[in-house]
Amino acid sequence: MAVREAAAGPRGPGRDEETALLYERAHYRHDPCWLLPVPPRLCLACVLELLPEPCVSLVRKKHVLSCFRDALLRHASLVMQLVAQDQRICIHFISMLFGLLCNVEDGSVIDLCIEVLIQLTTQLKLEQTVHCLLDECHKELCNMPSMRDSLATLTLLGKLVDAIPPLADKLVMEHSNLMEHLLRGLVYPNEGVRASVCYLYGKLYSSPVAAEMLSGHFREKLCPLFLSTLDGAQTKELQINCLGWLRQLLKYDLFVSVIMNESSLAESTEGVEGPPGKTSLPLVLKKLLLSRDETLQVASAHCITAVLVHSPAKHAPAFIHADIPEFLFEHLSSSSEVLVWFSYNCLILLAEEPLFFSKCHTVYGIESVVRSLQGSLRMNNTELHKEGLLLFAEILTRQPEEIKLFTSSTMCRDAGRALQEAVNSPVLEVAAEAVKAISAFLRKDHQSALPVQYRELRALLEAMLNRCADFSQTPLNRRPLRHSEQATQPNLMEVFLSILHSLFVIVPHMKEKFSKKLASSSFIRLTLELKARFCSSLSHSDLNQVCSSFLYDMSLNLLSAPEKTEPPSQEELSAVSAFLQHGLPEIRSRSPESLAFLSDRQYVEGIARQRQYCILLLFYLAYIHEDRFVSEAELFVAVQSFLLSLQDQDERPPLTVIRASIYLLAICQDKDDALDEAVVSAIRKILEGIPDLHLVYIHHPLLLRFFLLYPELMSRFGHRVLELWFSWEESSYEELDDVSSAGQSPLPASLAALFYMLRSSPSILLILLDLIYSSPVDTARKVLIVLRTFLRRNEDVQVGGLIRGHFLLILQHLLVEHGASPSGDSGNLPLLLSLLSLVQLKNKSEQELDSMAMKLLHQVSKLCGKCSPADVDILQPSFNFLYWSLHQTTPSSQKRAAAVLLSSTALIELLEKILALTWTEVDSPRTALLCSAWLLAASFSAQQHDGSLQVHQTLSVELDQVLKVLSFPKKKAALLSAAILCFLRTALQQSFSSALVALVPSGAQPPPAPEDTALAPLGTSQVLSLVIGLQNLLVQKDPLLSYACVACLEALLDYLHARSPDIAFHVVSQPWNRFLLFTLLDAGESSFLRPEILRLMTLFVRFQSSSVLSREEVGHVLQGAALADLSTLSNTTLQALRGFFLQVQSMGLLADESTAQTLHVSLEGLSPSTSSAEPPVDMLCLGGVAVSLSHIRD
């Protein structure tokens, strides 16, 4: 009897399910040890007796078997410990399950039996058990009158060999006569049976030993049968299993020879289909290539490759005669990279056979190859690029000269362009393959199509030699110089500049400041104009020398004290000094001529290049100091030509020149002008050659825009540029993080520019997200504030999905990288979680949670489970995200989300630990986390109870501690009290019957008094103390706390009224309630229209507490409400007022019928949706805690 009671367990929602798992007729005889102590509560002895019993329904057997399967998966060691204690039990289990498998026809039950048998056999790891199962299968197949009944047994054998590969050898050696049964199955007119036979054969031939033993069987009996089965297969299952078997066979030379010999017999007659009864493998694979199923096409191409690798010379002709190349060429246009790769592979092997070319397959397919190559180069698949180029090179090399490959100049041009694109690939291996293909492409017979594309050929040759593009631009013409001279001015200017120059030496500590003043006063322009005007014809050499020396020292002074950029190293300054010394004396032309010289694309000698460096540097320094004496548009073009010239000659300019070039391009670029791709490529190549971007970075909004404008630059340098941008920003942006003022205060100019870029290219947000995770804390904090501000000010920009998807990748990486303790090396993870919470808060309410949201819930809950209560910085934003996700969606999504979160036992255990800290850490820095934990616990309990969700881990809470905290509340902990009240209200509404929350005593408790039995687990004294605590909390007049108190009081009185109406009425009629009500009404003239006060008065009316609220006072409230402008009230207030009115009406307390009628008409005519009051925000963040007002209130 005791055993049966133990097996039955406590009564509850799962009682009927547990009963269904026990075999009542026999369970009382079973030892309790056979009963699993964990869900599902199975008795293994009952399983053994119930499953073979004919009087038990199949539905019940299926349920029991499913639960046994779940137990095996979830509690394998526990089940194995019980089953494996006696080998006889193991064998009995196996025999019983096999008997059930052979005697049922229901497909789902058969699948369950097979799955359980495989699990049992593999986990027991007992040789005798495996022998037993093999013997049972052998006996069943031998005694079976029809192959139709063998499907289940054959399927089991195939999956068993798949799970235990060494069984293949044992099956062939010890059960060899099974092969005859398999042969019968292969000709049986049922494709399901044939599919299971092919699957088993595939597993047998995957073993080299078994394959060798079965070689004679295959050669003598199986080969033609197998080929005809493959040829005639109609169902996808049979086709796939046949191809799987074929792939195993094609690993061995012997079977390849047997199959191809059989195929050659089929092709030996003139007919294309071969003689009757014979099947050709190439023709079968050709048919599969023609199918519209990509899986079959890929498998077919794979099998062709598997045959050819053994001997292309021997086997390729058969496939060529079957016109296989024609269809492989067609597949090169497929969107499937896998299919294209296998097609390339097959064609490369076929190209080793001269017949491939003599049959003109290459002429047929060359256009497909070129187009495929063009398409594949746009994909990010290096292996595909190399394979395509290898095929192209093989065709170009082996194509006979007498058979023209390119029949038109257009096709030849397209081929050249594809090769040019390939040779410019940044991947060395791809470029190397392209060079080989170009060498073959330049053969004379390939270029015989008229007209010959000489320009294209020249471009291709240059690309091959230099790996760059666009060499056909002509240099800009230099404009003639004008000369004029006045005799007196040169001498005066010489003296003037000498004096200025001497000041650099006389006052050395002021030279940088003085140089900046001179540059901003246009002295660079003045000096260059003097040189152009008086020194162009090699005259006035002294003036030229003075001007050059002045510009030299001023330039070095300006570079030595830069603004918004890193100061140059001594090595960099030395390089600048060298080219300034050589180049400045040579500059004697006006700005237009200097621009033309800078634009020169012809080969530039060393001295001329140094002169270009000088011109560029002077323009840069002038622009830095707002002296823009040359046209921005012309300078923009000139700098581009200069960079292309550097690339043409493969030169690496000094860092200062690179910095100047990038800055000038960024400043001079008009909104409508964009750089050519060749220039962008050149810039990228130059920048990739420097150690770090900070060496050339200048802090300017336009420079940031420049790098983020071009995808090629953003993908390579966007992360580093934004990192540098935020590190250089002097403001911490803390003032922007003030939510109350963020909408009004103007943005700094730098941020306005960044926000404009973010709106035009939201993908930049992903880089910022990475920065929050990977940057130093100060920088990451700036980025977080900027992102928060952007999201708040740009409600119309929908980037939640983008951010959430990228955050999911970061979080997955973190959990994998840091394993069991992500908190130990969390870095800036708390900042990322804070941003994720904000993105979640921006979501619209009542929105379904998509798969991304569910994945994030799972990952964040997993992260929480790996933390300890001390990891407040990670847990607080994580809890906020979980809470908002639960309360900001539809009821169906809430149920799914709650099920995901409740499945995390680690999360529930963590919640329990955090809740227990409440009794010791009130007013501690962890208070916000405690608030979130209580709100989450309340939410979990409500969702679990409403949805009857499965509980994986109970949440233990000390009830008397909860009541103690609320009965003697602390000041300055209003939000925490509200959260605990929300939790207690949920428990009261559930009558303390939650399957999730276990309310436990703190220690040994005295037995309850007789009058307290009905109130259990509460006591009368606890109830009265709690009521006093609620009254004290209401007197604080905190709106959120008041909502929580009234809602909890409602739940408490409902609970008391259901169990002891006398105590409920006693609580309501306390004189202190009247004082409390009038204290609350003392807050203002219309304070009675506050929703929490209306709900409180509704309670007093409902419980007929006239000593608290008399009939006359009810009338006064109704009169005041009738006179009020109800259209200005919030929906929450209207709802509370309507509830109060209906309660008064139902209790018969309407003294003044006219007032009641007026109020009734007003309420009926004013639905919540027509209220003019602004709809309240339900989701808030109070003191860093995520709060749903409706959750607290309702």
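Q: Which side chain makes a polar contact with the side chain of Ser834?
A: This is a predicted model, where local features need pLDDT of at least 70, side-chain atom pairs count only at pLDDT 80 or more, and totals for chains, interfaces and linings use all residues. Residues are numbered from 1 along each chain as its sequence is written, and side-chain values use heavy atoms, with hydrogens and water left out. A polar contact is a pair of N or O atoms within 3.5 Å; within protein, one must be able to donate a hydrogen and the other to accept it, and residues adjacent in sequence count only if both atoms are side-chain atoms. At 2.4 Å, the partner of the Ser834 side chain is the side chain of Arg788.

Q: Is Ser834 buried or exposed?
A: Ser834 sits in helix 46, residues 829-842 (helices, H or I with at least four residues, are DSSP runs numbered from the N terminus). Buried means under 20% relative accessible area, exposed over 50%, and partly exposed in between, using a 1.4 Å probe and protein chains only. Because its relative accessibility is 16%, Ser834 counts as buried.

Q: Leaving aside neighbours within four places in sequence, which residues is Ser834 in contact with?
A: Contact here means heavy atoms within 4.5 Å. With those sequence neighbours set aside, the list for Ser834 is Leu784, Arg788 and Pro877.

Q: How many salt bridges does a search of the whole structure find?
A: Side chains of opposite charge can pair when their charged atoms come close. A salt bridge is a side-chain nitrogen of Lys or Arg within 4 Å of a carboxyl oxygen of Asp or Glu. Searching the whole structure gives 28.

Q: How many residues apart in sequence are the parts that Arg69 and Glu115 tie together?
A: Arg69 and Glu115 form a salt bridge, with their closest N and O atoms 3.1 Å apart. Arg69 belongs to helix 5 (residues 58-74) and Glu115 to helix 8 (residues 107-124), so the pair ties together parts whose separation in sequence is 46 residues.

Q: Is Arg194, the salt-bridge partner of Glu191, buried or exposed?
A: The side chains of Glu191 and Arg194 meet at 3.7 Å, N to O. Both lie in helix 13 (residues 191-204), three residues apart, about one turn of the helix. Glu191 has a relative accessible area of 15% and is buried. With a relative accessible area of 17%, Arg194 is buried.

Q: Which residue forms a salt bridge with Asp293?
A: The closest N and O atoms of this pair are 2.8 Å apart. The partner lies in helix 16 (residues 236-249), 57 residues from Asp293, which is in the loop between helix 18 (281-290) and helix 19 (294-308). At 39% relative accessibility, the partner counts as partly exposed; it is Lys236.

Note on methods: Helix = DSSP H or I, 4+ residues; strand = E, 2+ residues; numbered from the N terminus.
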